[in-house]
Amino acid sequence: MRIGPHVLPNFLAVAPMAGVTDRPFRQLCKRLGAGYAVSEMVAANPRLWATDKTRRRTDHAGEVQPVAVQIAGSDPLLVADAARYNVDRGAQVIDINLGCPAKKVCNALAGSALLSDEPLVARLVQAVVRAVAVPVTLKLRTGPHPGWRNAVRIAQMAEAEGVAALALHGRTRADAFVGAVEYDTIAAVKQAVGIPLFANGDIASPAQAREVLARTGADGLMIGRAAQGRPWIFREIAHFLATGTLALPPTVAEVRALIAEHLHDHYAFYGEELGVRIARKHLGWYTAGLPGNEGLRAIVNEAVTPRVQLEAVDAFFAALERHGARLPSAVQVEGKAAHARPARHETAAARPRAGEALAA
Ligand SMILES: Cc1cc2nc3c(=O)[nH]c(=O)nc-3n(C[C@H](O)[C@H](O)[C@H](O)COP(=O)(O)O)c2cc1C
């Protein structure tokens, strides 16, 4: 699969997830089989660029290429400026966020709220494509709400304006994360355009990956929540698609080592104090459903130093290894489907409240 001049090593991508797909996590996913990753969104508003958060989100030092940066905003000039700013800081692909239903983003008429203003989307796309010499991509949903699905029209407009690839979450904005993913709409978009398309939404196993490819004809798959606590899902899917057989779950020893590696990278990226706090959710995902995880969570959530977290995680996995060499598979472990839980900002808060205009 290609994005402009960039030939990806494979067609499996980790989805942009604010608060999750920071540089350490993207690197880990790429090491474990993802061929592509998109950054957490960066606000188009330049007043926010001086914050530590944006500084971290625009730090791509050492990142496996191509470096793709997502921008959220609705003013074509501001988004175009933000695109230039990020290209100057190493972005090799600019992705425009038309997919995020989060209230914080939609209130400012950005993310998936833009889907209800097609002329504005066209101006936004034109401005960004003209502003930068790198490929521009769109991440979108199928439309504002089930009565108004306009992804095909937006995809065709985007292709005509020079957009290099699309990622389509098969739900409308109003659906947030609820209800079945519309593989038919993804297939219709694939039929309507010639540019590469990532299918996205609820892909959580190798078998689902194969089914989504077959049902949509998409060029690539984009995986979000299922990679939380399970970044090796990319190689599991690649193995299944190549051989038709399921890979064995990773060994406990490997998981123990890669979590330690993730944590060290994480503390170096965020600094110790913030790193320890932000690591808690990853450790919760890594150990969801594993025997003894409550005890571990109590320790890592109380911990204020990397040493305490690292030692607790190491002891946890050493004990787990005594029960068996391999990680219990997701099917064996009740509740392991941590990825099935939408993040806080995407649940009720991300859905329109009763009486709120769906297309707002
Ligand atoms: C915690 C979280 C943060 C997200 N942040 C973004 C974001 O910054 N930009 C974006 O386009 N989508 C964002 N999304 C949506 C995902 O990229 C993806 O479209 C969605 O989770 C559906 O895919 P999945 O079922 O594989 O998780 C986010 C999703 C989650 C769970």
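A residue is buried if 20 or more other C-beta atoms lie within 10 Å of its own, exposed if 12 or fewer, and partly exposed in between, with C-beta atoms placed from the backbone. The model is predicted, and local features need pLDDT of at least 70, side-chain atom pairs count only at pLDDT 80 or more, while totals for chains, interfaces and linings use all residues. Residues are numbered from 1 along each chain as its sequence is written.

**Exercise 1.** Determine whether Asn97 is buried or exposed.

Solution. Asn97 belongs to strand S7 (residues 93-98); strands (E, at least two residues) and helices (H or I, at least four) are DSSP runs numbered from the N terminus. Within 10 Å of Asn97 there are 27 other C-beta atoms, and therefore Asn97 is buried. Gly73 lies 24 residues from Asn97 along the chain, and their C-alpha atoms are 7.7 Å apart.

**Exercise 2.** Explain why strand S6 is largely enclosed by the rest of the structure.

Solution. Strand S6 spans residues 68-72, and five of its five residues are buried, so the strand is largely enclosed.

**Exercise 3.** Identify the strands with which S6 pairs.

Solution. Pairing requires at least two DSSP bridges between two strands. Strand S5 (residues 42-43) pairs with S6 in the parallel sense over two bridges, with Val42 opposite Ile71. S6 and S7 also run parallel, joined by four bridges, and Val69 faces Ile94 of S7.
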